[in-house]
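Start with the helices, then follow the salt bridges.

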Amino acid sequence: MSSLLLHHLPPIPPSSTTTTTRSYPKPSPVVQVSTRTPLCITCARSQDDYHATLEALNSKGRTPRKSLGQHYMLNSSVNEQLASTATIKDGDVILEIGPGTGSLTNVLLDAGATVLAIEKDPHMAALVRERFADTDHLKVLQEDFMKCHIHPHLFPLLENKKAMNEESRYAKVVSNIPFNISKDVVKLLLPMGDIFSEVVLLLQDETALRLVESSLRTHEYRPINIFVNFYSDPEYKFKVPRTNFFPQPNENEDANCGRESRLHAQFGVKKSVQIDKNGVDAAVVVFKLKQAVDYPPVSSIKSFFSMVNSAFNGKRKMLRRSLQHICTSIEIEEALRNIGLPATSRPEELTLDDFVRLHNVIVKS
C-alpha cells in the first residue's frame, strides 16, 4: 500500500462505525539531531492528518506533482516543532514558501503570526485562500517564488506593525520547501538580512547536512558552504523521517546514500539510524541571518564569490592553477604565503576567513 501511495492518490475511505484495519502510512517520530548531542523526540501522531491532506487534495482534484517537488506533511506535530523552532511570537511577520494544503500555515496563524504565503500551484493557492478566508492575517500570492519580488509585499506588513505601535521586527521565513529547488531558495534568501532575521527550512536531510557542514579537507566542502557562512550562522536542528510526507520523498540513492552516511558520521548520529536506499528523509535547519555590517570585510562581494567559485572549479587543483585567470601563479603563491598558507594550497583547505584574506590581498596587488 505504501508503495502505491507514491504514485496514486487513494480515495477518502467512507466513515463507518465498524472497526476495520487501515493501512495508511503512519507518520514517524521526529529524530532530533544536534551537532553536539544527538537526541530523539517522539511526537504524538495526529489521526486526522492523512485524511485531511487527501480530502484537501481531492477537493481540487489534485495529486502531488513531481515537477513542483510537492511532498505534503502528514504530521501536524512536525509543523508545530517547525514553528516552535522559529520561536514565533504574536505579531511576527512570516514568509511561507509553498504552503500546499495550508497545514503549516494553520500552525503559524494559530501562533499569532501574519503570513505571506507564496504558492506556484494555482489550485493550491486557491485552496489556501478558501481555507483561511475568514482571517485578515494571511496574504496568498500565486507566483513562482524564484521570480517573485517579495520586498514590496513584506514591507507593508512590517509597516503595519509599526503603525500599531508594536516593536519593529524583521520578518522570518518558515517553510517546508520543495526539495528540488532548496539550494536555489537558500541562495536567494540568505543575502536578505535587511528584511529577515532568520530562515527556518525543512530540507532534504542530505542537503541540510551539507549546508551546515564546514569541515575542511572533505568531499562535501564546496562553495555553498562559504556562501552559507558568509551570510548566516546555520544550525542543523532535527531530522524528520520520510514517512511523515505524502508522497514520501524518493530518488536514486546509490551515490547519495554513501555521502549521507559519511555526513551523519561526522555529526555523531548513532549508527542505529538506518538509511533506506528507497527514499530520503528531511531535516530542519535554522539560518540566523547576518546584517550587512556583519559580513566578512571584502571590497566586492561579487568579485569575492567569483573567486571562490573559480577556486573550486578545478577539482583538487591547487589554487595557483585554478585562479590563473585572475593573476599569475607566482602572484597567487605569494598571496597565499602572505596570509600564512602554503603555496600549494587547495580550495578545500581554506576556511571562509582564509578566502576573505586571500581575496583582499589579491585585490590590493
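In this predicted model, helix H13 (residues 329–338) and helix H14 (residues 352–364) pack at an angle of about 130°. Their axes lie 9 Å apart. H13 and H14 are therefore oblique to each other. Their crossing is right-handed. H13 brings Ala-335, Leu-336 and Asn-338 to the contact, and H14 brings Leu-358, Val-361 and Ile-362. By class, that makes 5 nonpolar residues, 1 polar and no charged ones.

Asp-354 pairs with Arg-357, with the closest N and O atoms 2.7 Å apart. The two are separated by about one helical turn, because they sit 3 residues apart in H14. Asp-354 has a relative accessible area of 10%, so it is buried. Arg-357 has 36%, so it is partly exposed.

Helix H8 (residues 205–212) contains both Glu-206 and Arg-210, 4 residues apart, about one turn of the helix. Their side chains meet in a salt bridge at 3.0 Å, N to O. Both residues are buried.

In total, the count comes to 11 salt bridges. Glu-198 pairs with Lys-172, the closest N and O atoms being 3.9 Å apart. Glu-198 lies in strand S7 (residues 196–204) and Lys-172 in strand S6 (residues 171–176), so the pair ties together parts that are 26 residues apart in sequence. Glu-198 has 5% relative accessibility, so it counts as buried. Lys-172, at 9%, therefore counts as buried.

Notes
Residues numbered from 1 in each chain as written. Predicted model: local features only at pLDDT ≥ 70, side-chain atom pairs only at ≥ 80, totals over all residues. Heavy atoms only, no water. Axes fitted to C-alpha atoms, helices over the stretch in contact; angles between N-to-C directions. Parallel < 35°, antiparallel > 145°, perpendicular 65-115°, else oblique. Left-handed = near helix turned anticlockwise from the far one by under 90°. Contact = heavy atoms within 4.5 Å. Nonpolar A, V, L, I, M, F, W, Y, C, P; charged D, E, K, R; others polar. Salt bridge = Lys/Arg side-chain N within 4 Å of Asp/Glu carboxyl O. Buried < 20%, exposed > 50% of the residue type's maximum accessible area, 1.4 Å probe, protein only.
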